[in-house]
Protein chains: 2
Amino acid sequence: MTQATETGWLVVAGLGPGDEALVTQEVRDAIDAATDIVGYIPYVKRIAPRDGLVLHASDNRVEVDRATHALEMAAAGRRVVVVSSGDPGVFAMASAVFEALEAGPNDWLELDIRVLPGITAMLAAAAQIGAPLGHDFAAINLSDNLKPWSLIESRLRAAGEAGFAMAFYNPRSKSRPHQFARALEILRAACGEDTLISFARDVTKPTQETSTVALKDARPEMADMRTMVIVGNRDTRAIGRHVYTPRYAEGSAP
Amino acid sequence: MTQATETGWLVVAGLGPGDEALVTQEVRDAIDAATDIVGYIPYVKRIAPRDGLVLHASDNRVEVDRATHALEMAAAGRRVVVVSSGDPGVFAMASAVFEALEAGPNDWLELDIRVLPGITAMLAAAAQIGAPLGHDFAAINLSDNLKPWSLIESRLRAAGEAGFAMAFYNPRSKSRPHQFARALEILRAACGEDTLISFARDVTKPTQETSTVALKDARPEMADMRTMVIVGNRDTRAIGRHVYTPRYAEGSAP
């Protein structure tokens with residue numbers, strides 16, 4: 001590391017859900033100016049190699065180690081982009097970088113650290129489906145890796161009873177197949193059996209699939225970890241090929 | 001209208017919060033292919049005029065009329081882009097287009113209608129602040145134009161008590177200055193007085209200002225209609241210049 005410390009910076013950048021046409025120019029410019037790209041293997045694979053650019057790909061579930069490595073390099077004068085899918089601030093790398101910053105030496109607080117937003121999966125999925133998040137909504141990560149399942153249940157209940165539409169990240173994995181079935185039970189009770197639920201798998205990728213059913217017809221197998229799930233509110237309806245939630249509130253249609 | 005009907009289409013496109021570097025290539029391509037741009041005056045002003053492109057700028061609060069006009073033009077064979085700030089699916093034009101579609105003639109259901117996502121204001125604001133939406137969160141429109149204020153109060157209470165971080169669109173206007181004061185009271189009770197609240201005005205514009213205080217120190221004048229307001233959960237903290245919400249749940253820090 002021979003560069004002067006004052007030139008180092010760290011950017012946490014959102015690459016969007018997969019389609020390169022959804023990457024912002026701001027993110028492209030940061031990648032073009034970087035000396036190092038840090039991220040989970042499939043996201044680093046999206047970055048074109050070039051002379052002077054070092055690609056640091058790492059496995060999943062090492063977010064804080066990866067963030068610490070990125071901060072160390074920025075402190076040593078490197079221009080580092082941590083790549084994240086979607087938006088880095090939504091169940092992605094930005095919080096991990098700040099967790100690592102908080103645990104690190106005090107002089108890291110002087111580093112030039114910026115977060116560049118991206119198109120998060122729920123908004124890409126919503127756009128493909130129509131406008132299911134057109135009214136108040138909640139975004140919930142259904143993985144219990146970092147919080148107790150009981151808390152997830154209570155949030156599903158609270159959001160459904162308050163009439164929020166909902167978007168779920170990480171709805172279902174092989175290691176916890178029963179939980180999404182339980183989530184559907186809670187949603188049927190809190191939102192009503194006729195409320196629409198949409199599944200969008202591999203959003204914006206060539207393999208994209210979407211479907212919408214009433215909650216009473218939803219089955220756990222309709223989702224996996226590559227699926228965004230969006231539940232409407234009681235006013236959400238299908239019109240032709242489109243599913244949307246009106247801007248006005250439930251039961252108060254003009 | 002001499003063009004063949006089969007060439008018409010309607011795209012609802014998100015221009016992001018203001019900075020041109022946050023517009024996606026997908027949206028730029030749609031604007032380049034359009035014959036007509038429809039939208040609220042300040043958003044249509046962002047589109048460069050060119051030969052063969054008709055700009056239809058309209059005032060605020062005529063969303064469904066504007067959407068109907070756009071659908072009529074698409075049905076007549078025009079290539080129409082309805083421009084929206086932020087993401088069109090988040091408190092913006094996409095739901096208005098589907099409301100107009102639902103109220104229109106049946107043959108409009110065959111139209112080629114697509115929604116193109118954009119960087120919504122809450123995610124641009126969150127990125128400027130740090131990562132305050134790094135855990136489960138709710139997006140709430142605080143305007144009571146299209147829903148009763150009592151419903152907004154109940155959603156603030158439900159989201160706060162369930163531990164969601166929150167982002168507020170349209171927090172305060174001159175016509176209802178007292179409501180945001182009431183919202184702050186509810187939040188202090190539901191989230192605790194020490195929970196952090198951030199204000200981001202004119203996000204990504206040259207006039208941008210951001211600030212963060214504890215709920216006990218928040219005053220209604222800190223927000224106006226050009227401000228995004230983000231409330232953290234009980235684990236949200238400031239670290240140097242950055243405010244972030246950890247990925248792990250409240251009270252369950254690893």
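Reader: Why is A:T204 called buried in this structure?

Author: In this predicted model, A:T204 has a relative accessible area of 15%. The term buried applies under 20%, and therefore A:T204 is counted as buried.

Reader: Where does A:T204 lie in chain A?

Author: A:T204 belongs to the loop that joins β9 (196-201) to β10 (209-214) of chain A.

Reader: What makes the phi of A:T204 worth a remark?

Author: The phi of A:T204 is positive, about 70 degrees, although the residue is not a glycine.

Reader: How do you know whether B:D202 is buried or exposed?

Author: The relative accessibility of B:D202 is 3%. Because buried means under 20%, B:D202 counts as buried.

Reader: What makes the two copies related as by a two-fold rotation axis?

Author: Chain A is superposed on chain B by a rotation of 180 degrees, with 0.0 Å of shift along the axis and an RMSD of 0.0 Å. The relation between the two copies is therefore as by a two-fold rotation axis. In chain A, the C-alpha nearest this axis is that of A:A138, at 2.0 Å from it.

Reader: How do you know through which surface the copies meet?

Author: Of the interface residues of chain A, 100% are also interface residues in chain B, so the copies meet through the same surface.

Terms used
Residues numbered from 1 in each chain as written. Chains lettered and ligands numbered in written order. Predicted model: local features only at pLDDT ≥ 70, side-chain atom pairs only at ≥ 80, totals over all residues. Heavy atoms only, no water. Helix = DSSP H or I, 4+ residues; strand = E, 2+ residues; numbered from the N terminus. Buried < 20%, exposed > 50% of the residue type's maximum accessible area, 1.4 Å probe, protein only. Least-squares fit on C-alpha atoms with pLDDT ≥ 70 in both. Contact = heavy atoms within 4.5 Å.
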